[in-house]
Amino acid sequence: ISDLSKCIVIEDSLTGVIAAKKANLDVIVVYDKYSDKDREKINELADYNVADFKELIELFKKSKMKGEF
């Protein structure tokens with residue numbers, strides 16, 4: 001991919017969020033109870049947070065209509 005500004009990472013773990021941010025990518029975090037121990041840091045780094053994949057789909061639909069994604 002030549003234009004990374006058109007990429008977004010979907011993650012649920014701190015390791016994945018950190019890797020994406022180090023690559024200068026935007027990150028959407030999907031809640032996962034197994035990552036609760038790292039929740040504060042995950043939320044601090046995330047660009048967007050969603051509770052589940054249904055909410056993720058709605059975020060994409062709304063953002064697409066606004067021309068954000």
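Colleague: What percentage of the 69 residues count as buried?

Modeller: In the protein chain, 28% count as buried. Keep in mind that this is a predicted model.

Colleague: Okay. How many helices and strands are there?

Modeller: The protein chain has three helices and three strands. Starting at the N terminus, their order is β-α-β-α-β-α. The radius of gyration is 12 Å, close to the 11 Å from the globule rule for 69 residues, so the chain is as compact as a globular protein of that length.

Colleague: And what box do the C-alpha atoms fill?

Modeller: Roughly 35 × 25 × 15 Å, along the principal axes.

Colleague: Back to the inside. Which residues make up the largest nonpolar core?

Modeller: That core has ten residues. Among them are Cys7, Val9, Leu14, Leu25 and Ile42. Two elements, α1 (14-22) and β2 (26-30), each give two or more residues to this core. The largest share comes from α1, with three residues.

Colleague: Why would such residues gather like that?

Modeller: Nonpolar side chains tend to be buried together in soluble globular proteins.

Colleague: Take Leu14. What is Leu14 in contact with, leaving aside neighbours within four places in sequence?

Modeller: Leu14 is in contact with Asp38, Lys41, Ile42 and Leu45. There is also a second, separate core of five residues. That one includes Ile28, Val30, Leu56 and Leu59.

Colleague: New topic: charges. How many positive and negative side chains are there?

Modeller: The chain has 12 positive and 14 negative ones. The centres of the two sets lie 4 Å apart.

Colleague: And the surface? What does the accessible area come to?

Modeller: About 5100 Å². Carbon and sulfur atoms account for 54% of that.

Definitions and conventions
Residues numbered from 1 in each chain as written. Predicted model: local features only at pLDDT ≥ 70, side-chain atom pairs only at ≥ 80, totals over all residues. Heavy atoms only, no water. Helix = DSSP H or I, 4+ residues; strand = E, 2+ residues; numbered from the N terminus. Rg over C-alpha atoms; globule rule 2.2 N^0.38 Å. Buried < 20%, exposed > 50% of the residue type's maximum accessible area, 1.4 Å probe, protein only. Areas by Shrake-Rupley, 256 points an atom, 1.4 Å probe, with all protein chains shown as cover. Lys, Arg positive; Asp, Glu negative; His and termini not counted. Charge placed at Lys NZ, Arg CZ, Asp CG, Glu CD. Core = buried A, V, L, I, M, F, W, Y, C linked by side-chain atoms within 4.5 Å. Contact = heavy atoms within 4.5 Å.
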